[in-house]
Amino acid sequence: MRDITAPESLRWRRFVDVFESTVSAAGYELVIPPLLEDIGVFTRLGEATDVVTKEMYDFVDKGERHVALRPEQTASICRSFVEHRPTTPFKAWYSGPNFRYEKPQRGRYRQFDQVGVEVLGSLDPYVDVEVVQLGWIFFSSLGLQQVDLAVNSLGEPEDRAAYVAALASYFNERLDELSPESQQTLSRNPLRVLDSKRTQDQGVIAEAPLINSFWSDGAAAHFETFCNGLSTVGVPFSVDLKLVRGLDYYRGTTFEYRGGTLDSAQNALGGGGRYNGLVADLGGPDTPGVGFAIGLDRTLLACDDEGVFPAPAQHADVFVVDVCDGSDALLICSELRSSGIRTERSWDSRSMKAQMKAANRSGARFAILIGEDERASNTALIRDLRSDAEQISVPRNELLATLSTYLSSLQGAE
Ligand code: HAM
């Protein structure tokens, strides 16, 4: 777990702002689920999911309730849906931290932020298209160019079950060829063996049965409409029939956005899919769902690699240098800030030289100087810190108007 400090923290904030404008343009509404839920909400993610079995931060609280810090937010949104029963289709977006007890490394932390969307209450394959396209638009709004979209379908629940059984018997036949880690994974979740990046497993995985021969007609038709829809709206993708996702609730469509510049073990910027049984598992009416989550860390790493979406510069407009007792700076800061001018000052009656140094460091365009003369004549000096122009003296009651004019003419020039 880390502190996110400035200027990176400003970048995080802006990341969420860009996401919000992308998804609110499509009518998604913000849901802020709690960080902590009854553990039962997350055990529904599946007993074969590492996130549940190995990585959960769970504890018994003072009221003897077994609770957990959320490892993701899809289950929380579904729990919230069951509780509040909004009209469907319900289109939600969210952002915020999640917790997984994973081995920390570049792009993988124990507390990490995601942004995401979920749509509950529609089986229409065009919802899948809308959702996937929103993620795509978001990445391009950040300026990212090297994102690959992989899509797959895990079929109807029966298709998936038949496929898992076929995979299990295939891998069991070739058990000796698999790495010890994949042999272990096989006993818990045969699908996840397909995810192994170990060299030893690659030969066996390459010849494994593929999900598309298990698709029912309905699943195949849904997938075809989904893929055609993506093409219609100009979202490029590739079909990856071995794409399985880490969470167990997926049925039907699955997808992943991969960063072209990132190391393949850690290149998933985000992903999602359909989870048509989850709301019912949480005690609600049978309600289909589809959504995705995008991780901030990896997406920002990809932005660094591509040299896009830099941390926003945050500098003052004006720095007040008061070499009397600081009380004029108090008033001037208050007046300018309430008019929206970013204003800074020094403290502790520092020398003129020290205050000017701070003014230059603040990035402010103008310094306002108050000495004994200005104080006595109720004036202020304005000095442009980025030009050799003479400083000018203005009556104190004209300071705000003069600065506003200067700043807006600079803005116009930018
Ligand atoms: P997920 O694949 O577990 O899916 O996570 C989505 C993204 O969150 C990942 O691609 C990655 O960028 C980021 N992420 C996951 N774990 C970490 C970590 N330990 N450190 C940093 N980033 C991480 C879900 O969470 C699903 N809820 C997505 C979804 C929404 N499916 C349907 N709706």
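**Exercise 1. The ligand**

How far is a nitrogen atom of the ligand from a polar backbone atom of Phe292?

Solution. The structure is a predicted model, in which local features need pLDDT of at least 70 and side-chain atom pairs count only at pLDDT 80 or more, whereas totals for chains, interfaces and linings use all residues. Residues are numbered from 1 along each chain as its sequence is written, and side-chain values use heavy atoms, with hydrogens and water left out.

Step 1. The distance from the ligand nitrogen to the polar backbone atom of Phe292 is 3.4 Å. A polar contact is a pair of N or O atoms within 3.5 Å; within protein, one must be able to donate a hydrogen and the other to accept it, and residues adjacent in sequence count only if both atoms are side-chain atoms.

Step 2. The protein covers 96% of the 660 Å² of accessible area that the ligand has on its own. Such areas come from the Shrake-Rupley method with a 1.4 Å probe; for residues, only the protein chains shown count as cover.

Step 3. Side chains also take part: a polar atom of Tyr250 lies 2.6 Å from a nitrogen atom of the ligand, and an N or O atom of Gln114 is 3.0 Å from a ligand oxygen.

**Exercise 2. The shell around the ligand**

Determine which element gives the most residues to the shell around the ligand.

Solution. Step 1. The shell holds 28 residues, of which Glu72, Thr74, Glu102, Arg245 and Tyr250 come nearest; a residue counts as near if one of its heavy atoms lies within 4 Å of the molecule or strand in question.

Step 1. Strand E10 gives the most, with six residues. Helices (H or I, at least four residues) and strands (E, at least two) are DSSP runs, numbered from the N terminus.

Step 2. By type, the shell divides into eleven nonpolar, nine polar and eight charged residues. Here Ala, Val, Leu, Ile, Met, Phe, Trp, Tyr, Cys and Pro count as nonpolar, Asp, Glu, Lys and Arg as charged, and the others, Gly among them, as polar.

**Exercise 3. Arg396**

Is Arg396 buried or exposed?

Solution. Step 1. Arg396 lies in the loop between strand E16 (392-395) and helix H16 (399-413).

Step 1. Arg396 counts as buried because its relative accessible area is 14%. Buried means under 20%, exposed over 50%, and partly exposed in between (1.4 Å probe, protein chains only).

Step 2. The side chain of Arg396 reaches the backbone oxygen of Thr379 at 3.1 Å. Leaving aside residues up to four places away in sequence, Arg396 touches several others, including Asp328, Ile332 and Glu374; contact means heavy atoms within 4.5 Å.

**Exercise 4. Backbone features in loops**

Describe the peptide bond from Thr88 to Pro89 and the phi of Asp348.

Solution. Step 1. Thr88 lies in the loop between helix H4 (74-84) and strand E5 (90-99). The bond from Thr88 to Pro89 is cis, with omega near -5°.

Step 1. Thr88 counts as partly exposed, because its relative accessibility is 44%.

Step 2. Asp348 is found in the loop between strand E13 (343-345) and helix H14 (352-361). The phi of Asp348 is near 65°, a positive value in a residue other than glycine. Asp348 is exposed, with a relative accessible area of 72%.
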